Amino acid sequence: MINLVQNELIKWFRRPSFYVMSIILIGLSVIGVVFTIMMGSMMDDPNQGQEQQLGWKEQLQQDNESLKMSMDAEPDREHGYLDRQYALNEYRIQNDLEPSSENSVWTYIQDNLGLTSIITLFVVIIAGGTIASEFTWGTIKLLMIRPIKRSRILVAKYLSVLVFMFIFFFIFFVTSFIAGAIAFGMETAPELLYMNGEVFELHPLVFILFKLLLSSLGVIMFATIAFMISSVFRNNSLAIGISLFLLFTGAQITQLIGMKFEWAKYSPFANTNFNALIDGMPIVAGTTIWFSVVMYLLYFVLLHVVSFITFVKRDIAA
């Protein structure tokens, strides 16, 4: 199995596209420093000190009063984000934990977490082409004549996709960490995580790794969808095209449908963004973390079953 995975990795390491993807990711991770500094300069107001007459505790108490009024005004509506913000403010007040407004390597990495969408894009391209390209280029027959079960080849290809995902996340974290440490320093302030009605105080490194773990779940799901499409359609351009279409439109279409129909929460695209669920902003209202976990696992298994059937059972010439 290890040799099969290595073989799949070597195929992509020999392609210029992998290095182009890596360079783009490195460039975006580093260039964010410039935008962060520019945004900080634009937000610096010389009259800010005169306008802020309240201490940070008083400001948070005032914010919580506004949050409470908003929640009381609509008692029948779910207030996931408002509940989260209220609980975080209360925790800071009770534990004398002042919010930090200074940039650091940790805040810079958090600001860069949006680049995980670029990682998703790259991984989807790789997953969408990993099987279909073999049929497009006619190399699938070279794989089939080897004394190796098709199921092992399928698993090796999927594992190679996950390895590339890990490589891209590693590149993102290392380059963002180095750029952020050089530009903003290593100042450390605890981060707060709100889950299941409780607030947890975490080291920023642990908090970021947790966020990256949640982001990777979304990447894995989209990679699995692309992998299944690649196995079904067996055409490189078509598989990647459909995969990218679903990546860019799946969540938006699900969100629009969810405004009128509750059943939209059963869509796979409503149950991939776990960071949004933690932040109290699900794509479809009423979606809970545990519901998304169950739906995620069901779709994960279903997609792999379809991939297995189409790759292992279908005739190669079909």
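This is a predicted model: local features need pLDDT of at least 70, side-chain atom pairs count only at pLDDT 80 or more; totals for chains, interfaces and linings use all residues.
Colleague: How many cavities of 30 Å³ or more does the structure hold?

Modeller: Rolling a probe the size of a water molecule over the atoms shows where empty space is left. On a 1 Å grid over the protein atoms alone, a cavity is a set of points where a 1.4 Å probe fits but cannot get out; a pocket is an open set with protein on both sides within 12 Å along at least five of seven lines; lining residues have an atom within 4 Å of a point. Points are joined across faces, edges and corners, and a volume is the space filled by probe spheres set on them. Here there is 1 such cavity.

Colleague: What is the volume of the second largest pocket, and which residues lie nearest its centre?

Modeller: That pocket holds about 770 Å³. Its lining has 28 residues, with Leu 113, Thr 116, Ser 215, Asn 273 and Asn 275 nearest the centre. Helix α11 supplies the largest share, 7 residues (helices, H or I, at least four residues, and strands, E, at least two, are DSSP runs numbered from the N terminus).

Colleague: How do α11 and α14 pack?

Modeller: Two packed helices are described by the angle between their axes and the distance between the axes. Axes are lines fitted to C-alpha atoms, for helices over the stretch in contact, and angles run from 0 to 180 degrees between N-to-C directions. The axes of α11 (residues 204-233) and α14 (residues 289-313) come within 9 Å and cross at roughly 25°. That makes α11 roughly parallel to α14 (under 35 degrees; over 145 is roughly antiparallel, 65 to 115 roughly perpendicular, the rest oblique).

Colleague: Is Asn 196 buried or exposed?

Modeller: Asn 196 is exposed, at 55% relative accessible area (buried is under 20%, exposed over 50%, partly exposed in between, with a 1.4 Å probe and protein chains only). Although not a glycine, Asn 196 has a positive phi of about 50°, and it lies in the loop between β1 (191-195) and β2 (198-202).

Note on methods: Residues are numbered from 1 along each chain as its sequence is written. Side-chain values use heavy atoms; hydrogens and water are left out.
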